[in-house]
Amino acid sequence: MDVSEALKNRRSIRVFQNRPVPAELLKKIIVAAAEAPSAGNTQPWEVVVAQGEALETVRVRNEQLYLDGVPARADLPNIFNAGKVTEAWPEKLAKRYQDCGRLVLGTLGIERGDKTGRQAFYRAMHRFFEAPVLLLIGFDKRLPEGYAMYDLGLYSQCLCLEALAEGLGTCIMAAGVFYPDMLRAHLPVPPNLNLGIGIALGYPDPAAPINHFERQYAPPEEWVYGL
Ligand SMILES: Cc1cc2nc3c(=O)[nH]c(=O)nc-3n(C[C@H](O)[C@H](O)[C@H](O)COP(=O)(O)O)c2cc1C
């Protein structure tokens, strides 16, 4: 697969096969992605692997916190901590965000007013879509978060592409780090680590329409200037 093809083929996977990821392959992917660029080659990413029993525990706890209506309290300020998520955003971005939600839910046959359907989707999301592996990507709290999060983004995309090359699927997940204190209680999270993002990883279910719908991309006229 060449690079352009990989960029096109990488997509968020939200239904996984019930099939474990071999340990050697998991390690290969995690390590290969560390060839990502980073500011001053600091390589600030640190990866906590959740799988097996520990993952089942955090899956259940994460879902329960969501069902109990406990507000997300991520280590870093993120869009979901804000309550009214898109209110202050530029209109075109708010629209893209809302369109994305409509597209994902619409593919599942969940209409706007369908509260039960929406809750079922958000429950699945808080269970990390039943992925056999959840990776938590973090960085040391003493680092300035601007570049550290930028570098985590680069690492994340490299990991998603490497996973794709190995026949695996990924979903980068804010919902993976909504409740960091719960995660710290059950997973080997080193002290001083800010949990920046989660990545669900596993073999994609090829039959699930949610893994195949056509994505929408803003035309370059909306975001490239002077070309
Ligand atoms: C920082 C970040 C956080 C995300 N969090 C979630 C999430 O919590 N739940 C989810 O289903 N998808 C999440 N996604 C996936 C995006 O919805 C997805 O990347 C976007 O819709 C584009 O689709 P694609 O990944 O298939 O190209 C996240 C992506 C990023 C980059």
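The model is predicted: local features need pLDDT of at least 70, side-chain atom pairs count only at pLDDT 80 or more, and totals for chains, interfaces and linings use all residues. Residues are numbered from 1 along each chain as its sequence is written.

**Exercise 1. Describe how helix H3 meets helix H5.**

Step 1. Find the elements. Helices (H or I, at least four residues) and strands (E, at least two) are DSSP runs, numbered from the N terminus. H3 covers residues 52-67 and H5 covers residues 115-126.

Step 2. Look at the axes. Axes are lines fitted to C-alpha atoms, for helices over the stretch in contact, and angles run from 0 to 180 degrees between N-to-C directions. The two axes come within 8 Å and cross at roughly 145°.

Step 3. List the contact residues. Two residues are in contact if their C-beta atoms, placed from the backbone, lie within 7 Å. H3 brings Asn62, Glu63 and Tyr66, while H5 brings Tyr122, Arg123 and His126.

Step 4. Sort them by class. Ala, Val, Leu, Ile, Met, Phe, Trp, Tyr, Cys and Pro count as nonpolar, Asp, Glu, Lys and Arg as charged, and the others, Gly among them, as polar. The contact of H3 with H5 has two nonpolar, two polar and two charged residues.

**Exercise 2. Describe the residues around the ligand.**

Step 1. Apply the cut-off. A residue is near a molecule or strand if its C-beta atom, placed from the backbone, lies within 6 Å of it. Residues around the ligand include Arg11, Ser12, Arg14, Cys100, Met125 and Arg215.

Step 2. Find the main contributor. Strand E3 (residues 169-173) gives the most to this shell, with three residues.

Step 3. Count the classes. The shell has eight nonpolar, one polar and three charged residues.

**Exercise 3. Which residues touch the most other members of the largest nonpolar core?**

Step 1. Define burial. A residue is buried if 20 or more other C-beta atoms lie within 10 Å of its own, exposed if 12 or fewer, and partly exposed in between; C-beta atoms are placed from the backbone.

Step 2. Define the core. A nonpolar core is a set of buried Ala, Val, Leu, Ile, Met, Phe, Trp, Tyr and Cys residues joined through C-beta atoms within 7 Å.

Step 3. Pick out the residues. The largest core has 43 residues, and Leu134 and Ala200 touch the most other members. Helix H6 (145-165) is among the elements that each supply at least two residues of this core. H6 gives the largest share, eight residues.

Step 4. Check the surroundings of Leu134. Leaving out residues up to four places away in sequence, Leu134 touches Ala50, Leu55, Phe128, Gly176, Gly198 and Ala200.

**Exercise 4. Are Asn41 and Gln43 exposed or partly exposed?**

Step 1. Asn41 sits in the loop between H2 and strand E1 (46-51). Gln43 lies in the loop between H2 and E1.

Step 2. Count neighbours. Asn41 is exposed because it has 8 other C-beta atoms within 10 Å. Gln43 is partly exposed because it has 15 C-beta neighbours inside 10 Å.

Step 3. Read phi. Asn41 has a positive phi of about 50° and is not a glycine. For Gln43, also not a glycine, phi is positive at about 45°.

**Exercise 5. What does His186 touch?**

Step 1. His186 lies in helix H7 (residues 180-186).

Step 2. List its contacts. Apart from neighbours within four places in sequence, His186 is in contact with Ala54, Thr57 and Val58.
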